[in-house]
Amino acid sequence: GLHMKWALITGASKRLGKQLALSLADLGWNIAIHYCSSESEAVDVVEKCINKGVKAKSIYGNFDTSKGIDEMLNTYLKEVPSTHLLINNVGNFLVKPVLETNLNEWHSLIQTNLNAPFHLIQKLQDSLVKNKGQIINIGVTGLSAVRPNHTAPAYYITKLALLGLTKSLAKELAPKNVRVNMVSPGVIDNAVDLDQVKDRLPMHRPCTTQEIARVVQFLVDEASDYITGQNIEVSGGFNL
């Protein structure tokens, strides 16, 4: 039954990741909540999930280095040997023009937003293939038409690359019945740059984390088994 199924959600201690954890727990998924700095928040999400009648664990992991990701995976695989769903939600954000972005910031964004998902997928692929599981990568609005991004260009570039990874993996894994999709939020109501953009929202309101979680719930449903390689935007017309 579904209660055997584990979902690993990166960066799930607060904000969007937390909402994804809670909404999947509502569907009966067991949830592994990865966190880096927010331990008490992660423990809180674990408790909330357990209260919904599922199993849940918090897993510490610093994604700044490959070694950090490996250490997290070693812990995770001991506790959860079989994964049905991986949601790559960790995405560090940087509001800065490209030429003002220093080399460390650039490498750090690529490491957390692109290399970490790649690394996790590599290590969890056996489990995902065995379980005919799936991968959902969290993107950002505006990836389908490649335009310059003025607010957070380095972040946008890492998400563009993540879309490329999503499509390539979807093609590679389709014969093995593993699906790979992307869900791309527009401006979320808890966005750090909400004040700068709220006058430009076509629906005059930001998106809620529940609205994004709704699409993730749709994708994880077995009735969506034929959908792969797609990027679904939840953006209310922003950046079209």
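These legends walk through several close-up views of the structure above. The model is predicted, so to speak of local features pLDDT must be at least 70, and side-chain atom pairs count only at pLDDT 80 or more, while totals for chains, interfaces and linings use all residues. Residues are numbered from 1 along each chain as its sequence is written, and side-chain values use heavy atoms, with hydrogens and water left out.

**View 1. An open sheet of 7 strands.** The strands follow the order E3-E2-E1-E4-E5-E6-E7 with parallel pairing. Helices (H or I, at least four residues) and strands (E, at least two) are DSSP runs numbered from the N terminus, and two strands pair if DSSP finds at least two bridges between them. E3 and E7 (231-234) are the edge strands, each pairing on one side only. From one strand to the next, the twist averages 20°.

View 2. Buried means under 20% relative accessible area, exposed over 50%, and partly exposed in between (1.4 Å probe, protein chains only). Asn30, Ala32 and His34 point one way from E2, while Ile31, Ile33 and Tyr35 point the other way. E2 is joined to E1 (residues 6-9) by 4 bridges, and the two run parallel; isoleucine 9 stands opposite isoleucine 33. With E3 (residues 56-60), E2 pairs in the parallel sense over 5 bridges, and tyrosine 35 has tyrosine 60 as its bridge partner.

**View 3. Isoleucine 87 and the largest nonpolar core.** A nonpolar core is a set of buried Ala, Val, Leu, Ile, Met, Phe, Trp, Tyr and Cys residues joined through side-chain atoms within 4.5 Å. The largest one has 33 residues, of which Leu24, Ile31, Ile33, Cys49, Ile87, Ile136 and Val183 touch the most other members. Elements giving two or more residues to this core include E1, H1, E2 and H2. Leaving aside neighbours within four places in sequence, isoleucine 87 is in contact (heavy atoms within 4.5 Å) with residues including Leu8, Ile9, Leu20, Leu24, Ile136 and Val216. A second, separate core of 32 residues includes Leu8, Ile121, Leu143 and Leu162.

View 4. The structure holds 2 aromatic pairs. Rings of Phe, Tyr and Trp (its six-membered ring) pair if their centres lie within 6.5 Å; planes under 30 degrees apart count as stacked, over 60 as edge-to-face and the rest as tilted. Phenylalanine 93 lies in the loop between E4 (85-88) and H4 (103-130) and tyrosine 155 in H5 (residues 153-173), so the pair ties together parts that are 62 residues apart in sequence. Phenylalanine 93 is partly exposed at 33% relative accessibility, whereas tyrosine 155 is buried at 11%.

**View 5. Proline 153 in helix H5.** Proline 153 has its place in H5 and is buried, at 7% relative accessibility. Not counting residues up to four places away in sequence, proline 153 touches Lys96, Pro97 and Val98.

Terms used: Axes fitted to C-alpha atoms, helices over the stretch in contact; angles between N-to-C directions.
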